[in-house]
Amino acid sequence: MPSSLSFIEKITSKPYLFRRIFTFSFEEWQLLASKLKPEWQELETGRLSKRKDRLNRLGQGRPYEVGSFANLLLVALLYWRTNIGYELLGFIFNIDQTTVKRVVRRLAPLLLDRFIPKTALTNNKQRSNKLDDLLANFPELADVIFDGTELPTERPKKRQKQQYSGKKKRHTKKVQIAIDKKSKIIVAISPPAKGKIHDKKQLELTGWDKKLSKKVTRFGDLGYQGMPTDTWNIPHKKPHKQELTKKQKKENKKLSRQRIKVEHGIRGIKTFRRIGETIKTKSNELLLTSILVATNLYNFKVLVRQGLG
């Protein structure tokens, strides 16, 4: 029987294939592992210390079958990168499906908000992780782009109308995203709501607009019509049975060039197919965890590729 390292050894020896599968380069994976490992060791020590029936010293138990923490991270990354089940992941890494589930559950808390900067949008929110040093010099927000995105779900058994999106013509969950225009970093992401909710209403429920200073310029699409015009930049809407003027079309085109960054951010988190494809989980809590993990992994890539790593 091949060892559990066979897939890992093969994939780490092919840099191009490694990046295509995981969206990270080999060096980025190693850097991420080095940043997460100290807190992982703290969590593991705390978890193992709680056992009252322990006979041996900490560290004398059976090690993880895939070996190092970097390899554990690789298992979790493939889980979030794809939409395949624990059984197939276990087959790929030659480990039991319960081991895969355990690894994913224990690594997820390390990536809930580590690479989301402290801003006015998150100041009053208790953090799960320490802020990473990549964000030590993150500037004050000046321009923020907002947008909503829909995540396809399976048809629910109850209250189908509330989760049905007239725009997507299917059942969805909707989240709001706020991205810093200059750095392209996602600075806030809302909990998932039922697909029928309007962008403007969901944004108002987050309270983000009230938390931001009036000096911060907001950008949004037509879904945010009705927001204060002194702080918001929103495209012109074509009047009924009329056309936009050339000036209005030009202003809309200019605004769309600025707003494209949030679309890139949405695409960035949806490359993690756990939330980019049809969502199987029925739990909003588990879904939010996957969304936050995908957001943090996207932010990490942006920070490192901007030369801040």
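Me: Let's begin with R267. Which helix is R267 in?
Reply: R267 lies in helix α10. Keep in mind as we go that this is a predicted model.

Me: Is R267 buried or exposed?
Reply: R267 is exposed, because its relative accessible area is 59% and anything over 50% counts as exposed.

Me: How far apart are R267 and T149 in space, and how far in sequence?
Reply: Their C-alpha atoms are 9.9 Å apart, while 118 residues separate R267 and T149 in sequence.

Me: What about H264, where does that sit?
Reply: H264 is also a helix residue: it is found in α10, which covers residues 246-270. H264 is partly exposed, at a relative accessible area of 47%. From the C-alpha of H264 to that of V144 is 14 Å, and those two residues are 120 apart along the chain.

Me: And Q258, which helix has that?
Reply: Q258 has its place in α10. With a relative accessible area of 22%, Q258 is partly exposed.

Me: What does Q258 touch, apart from its neighbours in sequence?
Reply: Leaving out neighbours within four places in sequence, Q258 is in contact with I145, K181 and F219. As for G220, Q258 is 38 residues away from G220 in sequence and 9.9 Å away in space, C-alpha to C-alpha.

Me: OK, new topic. Which residues touch the most other members of the largest nonpolar core?
Reply: That core has 78 residues, and the ones touching the most other members are L73, W80, L107, F146, A178, I269 and L297.

Me: Pick A178. What is A178 in contact with?
Reply: Setting aside neighbours within four places in sequence, A178 contacts L121, V144, I145, F146, I185, I186, V187, A188 and W208.

Me: How about T295, is that buried or exposed?
Reply: T295 is buried, because its relative accessible area is 0% and the cut-off for buried is under 20%. T295 is found in helix α12, residues 284-308. Not counting residues up to four places away in sequence, T295 touches I116, I186, I189 and I269.

Me: Let's do helices. How many residues of α4 are buried?
Reply: For α4, 13 of its 13 residues are buried, so the helix is mostly covered.

Me: What span should α4 have, going by its residues?
Reply: Helix α4 runs over residues 69-81, and at 1.5 Å a residue its 13 residues should span 18 Å. The C-alpha atoms at its ends are 18 Å apart, which agrees.

Me: At what angle do α3 and α4 pack?
Reply: About 110°, with the axes of α3 (residues 26-49) and α4 9 Å apart. That makes α3 roughly perpendicular to α4.

Me: Which residues meet there?
Reply: On the α3 side, W29, L32, A33, L36, K37 and W40 meet F69, A70, N71, L72, L73, L74 and L77 in α4. By class, this contact of α3 with α4 has eleven nonpolar, one polar and one charged residues.

Me: And how do α5 and α6 pack?
Reply: Helix α5 (residues 86-93) and helix α6 (residues 97-107) pack at about 100°, with their axes 8 Å apart. So α5 is roughly perpendicular to α6.

Me: Which residues make that contact, and what classes are they?
Reply: Y86, E87, L89 and G90 in α5 meet Q97, V100 and K101 in α6. The contact of α5 with α6 has three nonpolar, two polar and two charged residues.

Technical notes:
Residues numbered from 1 in each chain as written. Predicted model: local features only at pLDDT ≥ 70, side-chain atom pairs only at ≥ 80, totals over all residues. Heavy atoms only, no water. Axes fitted to C-alpha atoms, helices over the stretch in contact; angles between N-to-C directions. Helix = DSSP H or I, 4+ residues; strand = E, 2+ residues; numbered from the N terminus. Parallel < 35°, antiparallel > 145°, perpendicular 65-115°, else oblique. Contact = heavy atoms within 4.5 Å. Nonpolar A, V, L, I, M, F, W, Y, C, P; charged D, E, K, R; others polar. Expected span 1.5 Å × (residues − 1). Buried < 20%, exposed > 50% of the residue type's maximum accessible area, 1.4 Å probe, protein only. Core = buried A, V, L, I, M, F, W, Y, C linked by side-chain atoms within 4.5 Å.
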